[in-house]
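Biologist: I would like to go through this structure with you. Could we look at it together?

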Amino acid sequence: MAEIVGGGRPVNDAERRVIAHLRDSAPSDWLLLHNVEVPRGDDVFEVDLIVLTGHSIVIVDVKGTRGRIEVSGTRWFPPRREAFGSPVAKLRGTARALKGLLVDKHRALERVYVDSLVVLTSPDAQLIDPGGRDEGNVTDLFGLIPTLKDGTRVRRGCTPDAKPYLTAILDALNASVRRSTAPPRFGNWEVEEQLGGDAKVTEYRAFNATLPGSETVLLRVYQADPMADQDSRIAERQRIANAYATLARIPPHPNIVRSRDFFAIDDESRFVLVLDDVHGQALHLRLGQSAGLGVLKDLLAGLAHAHANGIVHRQLSPASVLVTDDGHAMLTGFDYAKPGPRNYTVAHELSNVLDAQYVAPECQDRPDLMTAASDVYAAGVIAHQFLEEAPEIVQRMLDRNPARRPTAAEALAALEGGEVPQKSRLSRLFRRLGS
């Protein structure tokens with residue numbers, strides 16, 4: 001039976017289950033801290049568990065995610081909901097931050113290894129990691145204690161016996177970490193579960209604390225720098241607010257995710273975007289499978305509605321399309337969209353986030369030139385990937401000349417059996433100039 005030496009209140013049942021499992025089944029000389037915060041400069045890292053074993057310090061993140069979880073790059077794609085940033089990547093950063101705090105307090109702790117481990121508590125959770133970059137730091141509840149006992153995880157150059165450093169470790173932790181007294185809360189929204197994130201944004205599932213039992217929402221909490229100069233802060237605020245500003249211009253539509261609110265926390269060190277909690281599966285997870293013509297129709301319906309309201313998506317890919325449990329598709333991922341004319345731009349960041357295979361030929365070197373026609377091209381690429389037999393209109397969506405591509409509305413009409421007239425020479429010239 002391990003000893004709990006401190007901590008705050010667990011956020012959810014998954015965390016309670018892991019804490020109880022370690023308390024009741026781990027070796028008696030192990031020490032546990034749970035639900036604490038690790039400060040590092042202006043940042044605060046929330047930590048579910050810190051386990052002191054005989055050979056290392058292990059930071060543990062608990063995830064109750066269900067079903068088959070596919071790893072692609074730095075994102076996890078779970079079933080029936082939107083993709084999120086790899087918790088392994090974020091946890092490794094937290095481990096480095098904690099190691100720095102410990103060494104600052106006691107230089108001798110440089111020899112103690114700080115490990116990181118993500119625990120999937122759902123019995124049906126299955127991580128599919130073709131690249132193998134995350135799986136070595138992920139286990140299930142059954143494998144948690146054996147993994148924590150594994151001394152071969154200690155990196156070369158670190159001591160295999162951390163027991164002589166126990167007093168220094170506890171002293172450094174006592175001086176470095178602080179108890180988390182309650183689940184995170186943003187405005188009226190209380191966190192039910194942390195879904196993932198990276199250095200810039202963290203995603204949570206939350207409920208309205210004033211209405212217990214109410215439906216959940218998705219929170220995207222963006223980090224900002226409140227100490228930057230005024231011009232930099234304005235630019236950062238505009239970039240972060242882009243998704244909300246974009247969605248606010250689009251009247252409600254069944255094929256576009258709905259935003260509910262956007263607000264700043266305290267000194268604008270964080271901004272919160274509140275979205276509908278769409279229980280769906282990213283289309284990305286259906287690679288190699290037929291998604292059905294209905295999904296393409298829904299995608300085009302949402303895209304046509306966005307275009308009709310002056311919005312260019314600019315980052316359309318299977319990762320930004322959710323397929324709900326009843327088979328309908330919804331557009332998400334409007335962080336870098338263009339909501340019509342404005343006095344600022346986020347286009348300079350597009351080259352860092354775009355998936356090149358969905359970028360139209362005319363925009364490969366100039367993503368700032370993206371238009372509604374380039375969105376249609378991306379939709380055409382998606383259609384080719386997911387339809388067993390692509391209709392003729394899809395070939396026109398992939399025309400290398402943007403002026404000859406149909407609009408999203410025209411492509412949708414063709415799929416629904418309507419006539420899509422070939423454009424006259426004058427109309428093609430007008431679209432070419434417009435593009």
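Biologist: Is D115 buried or exposed?

Modeller: D115 is buried, with a relative accessible area of 5%. Buried means under 20% relative accessible area, exposed means over 50%, and partly exposed lies in between, with a 1.4 Å probe and protein chains only. Please note that this is a predicted model, in which local features need pLDDT of at least 70 and side-chain atom pairs count only at pLDDT 80 or more, while totals for chains, interfaces and linings use all residues. Residues are numbered from 1 along each chain as its sequence is written, and side-chain values use heavy atoms, with hydrogens and water left out.

Biologist: Which residue forms a salt bridge with D115?

Modeller: The partner is R153, and the closest N and O atoms are 2.7 Å apart. D115 belongs to strand β8 (residues 113-120) and R153 to the loop between α3 (141-149) and α4 (166-176), so the pair ties together parts that are 38 residues apart in sequence. A salt bridge here is a side-chain nitrogen of Lys or Arg within 4 Å of a carboxyl oxygen of Asp or Glu. Helices (H or I, at least four residues) and strands (E, at least two) are DSSP runs, numbered from the N terminus.

Biologist: How many salt bridges does the whole structure have?

Modeller: The search finds 16 salt bridges. One of them joins E203 to R220, with the closest N and O atoms 2.3 Å apart. E203 sits in strand β14 (residues 201-208) and R220 in strand β15 (residues 217-223), so this pair ties together parts that are 17 residues apart in sequence. Both E203 and R220 are buried.

Biologist: And what about R366 and D368?

Modeller: R366 and D368 form a salt bridge as well, their closest N and O atoms being 2.6 Å apart. R366 is partly exposed, at a relative accessible area of 42%. D368 is also partly exposed, with a value of 36%.

Biologist: Which residues are linked in a network of salt bridges?

Modeller: E215, R258, R260 and D276 are linked in this way.

Biologist: Let us turn to the aromatic rings. How many aromatic pairs are there?

Modeller: The count comes to 4 aromatic pairs. Rings of Phe, Tyr and Trp (its six-membered ring) pair if their centres lie within 6.5 Å; planes under 30 degrees apart count as stacked, over 60 as edge-to-face and the rest as tilted. The rings of Y244 and F262 have centres 5.7 Å apart and planes at 15°, so that pair is stacked. Distant parts of the chain are linked by this pair, with Y244 in helix α6 (residues 242-248) and F262 in strand β16 (residues 259-265), 18 residues apart.

Biologist: What else lies in strand β16?

Modeller: D261 lies in that strand. D261 counts as partly exposed, at 31% relative accessibility. Its C-alpha atom is separated by 9.3 Å from that of A248, 13 residues apart along the chain.

Biologist: Now the helices. How far does helix α8 reach from its first C-alpha to its last?

Modeller: Helix α8 (residues 372-386) has 15 residues and reaches 21 Å, close to the 21 Å expected at 1.5 Å a residue. The expected span is 1.5 Å times one less than the number of residues.

Biologist: Is α8 mostly covered or exposed?

Modeller: α8 is mostly covered, as 12 of its 15 residues are buried. Among them are Y377, I382 and F386.

Biologist: Which residue caps the N-terminal end of α8?

Modeller: T371 does, with a side-chain oxygen 3.2 Å from the backbone nitrogen of A373. At α2, S86 caps the N-terminal end, and a side-chain oxygen lies 3.2 Å from the backbone nitrogen of V88.

Biologist: One last point: where does D335 lie?

Modeller: D335 lies in the loop between β21 (329-331) and β22 (338-339), and counts as buried at 17% relative accessibility. A polar contact of 2.6 Å joins the side chains of D335 and Y222. Such a contact is a pair of N or O atoms within 3.5 Å; within protein, one must be able to donate a hydrogen and the other to accept it, and residues adjacent in sequence count only if both atoms are side-chain atoms.
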